[in-house]
Amino acid sequence: MKHVFGPVPSRRLGQSLGVDTIPLKTCNWNCVYCQLGRTKPLSNLRKEYFPPGEIAAEVQEALDLHKPGEIDWVTFVGSGEPLLHAGMGQLIRQVKEMTNLPIAVITNGSLLYLPEVRQELTAADAVLPTLDAGNAKQYRLINRPYPEITYERLVEGLVAFREEYRGKLWVEVMLVRGMNDSTQELQDIARVLKSVRPDAVHLNLPTRPPAETWVQPPTGESLIQALAILGNTTEVVHPAEGSFDLSGYQSPIDAIIGIITRHPMRQEELERTLDRWPAEKVSQALADLISSGQAQVVERYGMRFWSAAPSIYPDQERSLRAFPGHPLQNINPRQG
Ligand code: SF4
């Protein structure tokens, strides 16, 4: 399937059937921590990147494949900003007609200042926007937005959405060491959150390969401080344990591409996830994906992650040096 993946385990959403509405790395932000690499170019164009009927048909197919109890949520999330798809309202309504499962939308929240976007989300059961900064300067440094998407608009959109929306509003804050984890920065974020009044605040830490090499998770001390400052609806969201459902994939190659396009993975994790195929088949599939230029290995935090080849990570040459002899050596490094 091209648009639907999983269900995948999620701490907040149980077994979540992912629906990806846009081409890889179509986004109006370029977050320093983005696990899908750099956004190049930034795009703020709302349009129907794929026909809604094509996406809805895949959702129906995936729902038909699974027994009751195997999926907890249908989640619009993916390889960029899902609300850039202009047919999101229609898609959410269509999925509502197909199933009683709750629907979540994971978004950066940057388009919530548009009344029509807020309207499109009313049928969703939970919306999870992002707020990483308590002021315009930090926002520009962390999220590096499309110029038109100002900080004032981001906050204005979140506040307006909270006033209109009856579903669950769970705000995500990604903590990056030295950027938004100081007492002052956290107090600034807490002040904005007070005006947004989310149902919960989810603290995330960069665990997958960040776009920028220097991005680090906060220290344990900063994390404790963040929990204290951001209030009692705040919790740390660690990556969920559990298995990826690969029943929709016929071959290890399709499964690997389906996974790493949205979730770059460490080699060991990927091998574990693919254990329904013999280990030699998986190794062969990885080698084939490298030689055909469909996948790449990215080194971050001293670990190797597999990612889809179109993702753009700077310092890829550093990754090559870290793994001498790897087949990736034969491929021209992508430039960030
Ligand atoms: S983390 Fe999300 S919002 Fe930020 S650049 Fe990546 S896809 Fe866009």
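1. Pocket definition and volume. On a 1 Å grid over the protein atoms alone, a pocket is an open set of points with protein on both sides within 12 Å along at least five of seven lines, while a cavity is a set where a 1.4 Å probe fits but cannot get out; lining residues have an atom within 4 Å of a point. Grid points are joined across faces, edges and corners, and a volume is the space filled by probe spheres set on the points.

2. Basis. The model is predicted: local features need pLDDT of at least 70, side-chain atom pairs count only at pLDDT 80 or more, and totals for chains, interfaces and linings use all residues. Numbering runs from 1 along each chain as its sequence is written, and side-chain values use heavy atoms, with hydrogens and water left out.

3. Lining of the second largest pocket. Seventeen residues line this pocket; K2, D20, I257, T261 and R262 lie nearest its centre. The lining divides into nine nonpolar, four polar and four charged residues. The classes are: Ala, Val, Leu, Ile, Met, Phe, Trp, Tyr, Cys and Pro nonpolar; Asp, Glu, Lys and Arg charged; the others, Gly among them, polar.

4. Largest cavity. A search of the whole structure gives two cavities of 30 Å³ or more. The largest cavity holds about 80 Å³ of space. Its lining is M1, V4, F5, G6, L17, A62, L65, H66, D245, S247, G248 and Y249. By class, that is seven nonpolar, four polar and one charged. Strand β1 (4–10) and helix α1 each supply at least two lining residues. The most come from β1, with three. Helices (H or I, at least four residues) and strands (E, at least two) are DSSP runs, numbered from the N terminus.

5. Second largest cavity. Here the space is about 40 Å³. The lining residues are F5, G6, V8, F244, D245, L246, Y249, G258, I259 and H263. Six are nonpolar, three polar and one charged.

6. Ligand shell. Which residues are around the ligand? They are K25, C27, W29, N30, C31, Y33, C34, T39, G80 and N108. The cut-off for being near is a heavy atom within 4 Å. The shell has five nonpolar, four polar and one charged residues.

7. Aromatic pairs. There are four aromatic pairs in the structure. Rings of Phe, Tyr and Trp (its six-membered ring) pair if their centres lie within 6.5 Å; planes under 30 degrees apart count as stacked, over 60 as edge-to-face and the rest as tilted. The W29 and Y139 rings have centres 5.5 Å apart and planes at 75°, so this pair is edge-to-face. W29 sits in the loop between β2 (14–19) and α1 (52–65), and Y139 in helix α4 (residues 136–143), so the pair ties together parts 110 residues apart in sequence. The F161 and Y165 rings have centres 4.5 Å apart and planes at 15°, so that pair is stacked. Ring pairs also link W29, Y139 and Y151 into a cluster.

8. Are W29 and Y139 buried or exposed? W29 is buried, at 2% relative accessible area. Y139 is buried, also with 2%. F161 is buried at 1%, and Y165 is buried at 2%. Buried means under 20% relative accessible area, exposed over 50%, partly exposed in between (1.4 Å probe, protein chains only).

9. Charge over a ring. R276 lies over the face of W277, 4.2 Å from the ring centre. The criterion is NZ of Lys or CZ of Arg within 6 Å of the ring centre and within 35 degrees of the ring normal.

10. Backbone checks. The G6 to P7 peptide bond is cis, with omega near 10°; P7 lies in strand β1. K40 and P41 are also joined by a cis peptide bond, with omega about 0°. P41 is in the loop between β2 and α1. K25 has a positive phi near 60° and is not a glycine. K25 lies in the loop between β2 and α1 and is buried, with a relative accessible area of 11%. R197, not a glycine, has a positive phi of about 55°. R197 is in the loop between α6 (183–196) and β7 (200–204).
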